[in-house]
Each structure stands twice: as C-alpha cells, then as structure tokens.
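Please work through the exercises below with the sequence and the model side by side, trying each task before reading its solution.

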Amino acid sequence: AMAHGAVARVASFLLDVHRASGRSEIALSQANIGELLSLRRSSINQACQSLRAAGAVRTVRGRILLKDEAVLASAACCRYRPTYPAIAKTITAQAD
C-alpha cells in the first residue's frame, strides 16, 4: 500500500508542476522530489520506476520528462487535484 501511495503522490506532484509550468520537462531530481513530498528517496525511486514502466515518464539525470499525461493522471488515482500548487509555482518561477 505504501508503494502505491508514493506512486499516487509523485504522479499528482508531477501533474501539478506540469500544469503550472506548461512544460513536459521537470528539472528536479528524485532527491529533490523526496524532500518536497517528505518521502524517502527509495520510495521516490520505486514510484518513478513504476511510472516509467507504465510509460508515463522518462527519467534523465536530474530531470523527469513527462511522456503521457493520461497515464500519469490515472496513476495519481482519483485523488488527483492540484495538491501542491504553491510548490509548483515556486518551481516554475525558479525555472524561468
């Protein structure tokens, strides 16, 4: 259950950042995301592997590339809603 919770939280977070920034490339490492979501790096790693396997994202060193928003939204479960809009705005502002 823990792993699934982490997948949903990571997927929701990535959707929020994507929708706030309009970008498909998110310049955050898995360690950064772990800090932002208060999840262990190993949980983030497993979540990213699941999302990669599902075809939702591609991970490159220090970046996450969104490949399929629909898959990401379904991974976020029905619990998708903009959960982290403030963080997403901050990240977007830093990226500009």
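The exercises that follow go from the chain as a whole to its sheet, its helices, its core and a few single residues.

The model is a predicted one, in which local features need pLDDT of at least 70 and side-chain atom pairs count only at pLDDT 80 or more, while totals for chains, interfaces and linings use all residues. Residues are numbered from 1 along each chain as its sequence is written, and side-chain values use heavy atoms, with hydrogens and water left out.

**Exercise 1. Describe the chain as a whole.**

Begin with the secondary structure, where helices (H or I, at least four residues) and strands (E, at least two) are DSSP runs numbered from the N terminus. The chain has five helices and three strands, and from the N terminus on these elements follow the order α-β-α-α-β-β-α-α.

Next, turn to burial, for which buried means under 20% relative accessible area, exposed over 50%, and partly exposed in between, with a 1.4 Å probe and protein chains only. Of the 96 residues, 39% count as buried. The chain exposes about 5200 Å², of which carbon and sulfur atoms supply 52%; such areas come from the Shrake-Rupley method with a 1.4 Å probe, and for residues only the protein chains shown count as cover.

Finally, consider contacts, meaning heavy atoms within 4.5 Å. Among those between residues at least 6 apart in sequence, 67% join residues at least 24 apart.

**Exercise 2. Work out the order of the strands in the sheet, and find what packs on it.**

Two strands pair if DSSP finds at least two bridges between them. Strand E1 (residues 25-26) is joined to strand E3 (residues 63-66) by two bridges, and the two run antiparallel; here Glu25 stands opposite Leu65. Strand E2 (residues 57-60) is also antiparallel to E3, with four bridges between them, and Thr59 has Ile64 as its bridge partner. In the hairpin of E2 and E3, two residues lie between the strands, and Gly62 takes a positive phi near 75°.

Putting the pairs together gives an open sheet of three strands in the order E1-E3-E2. Because E1 and E2 stand at the edges with a single partner strand each, one side of each has no neighbour in the sheet. Helix H3 (residues 41-53) packs on this sheet, where it touches E2 and E3, and its direction makes about 130° with that of E2; axes are lines fitted to C-alpha atoms, for helices over the stretch in contact, and angles run from 0 to 180 degrees between N-to-C directions.

**Exercise 3. Identify the largest nonpolar core and the elements that supply it.**

A nonpolar core is a set of buried Ala, Val, Leu, Ile, Met, Phe, Trp, Tyr and Cys residues joined through side-chain atoms within 4.5 Å. The largest has 24 residues, and those with the most contacts inside it are Val10, Leu14, Ile33, Leu51, Val57 and Leu72. The elements giving two or more residues to this core are helix H1 (2-21), H2, H3, E3 and helix H4 (69-75), and the largest share, eight residues, comes from H1.

Take Val57 as an example: not counting residues up to four places away in sequence, its contacts include Leu14, Leu51, Ile64 and Leu72.
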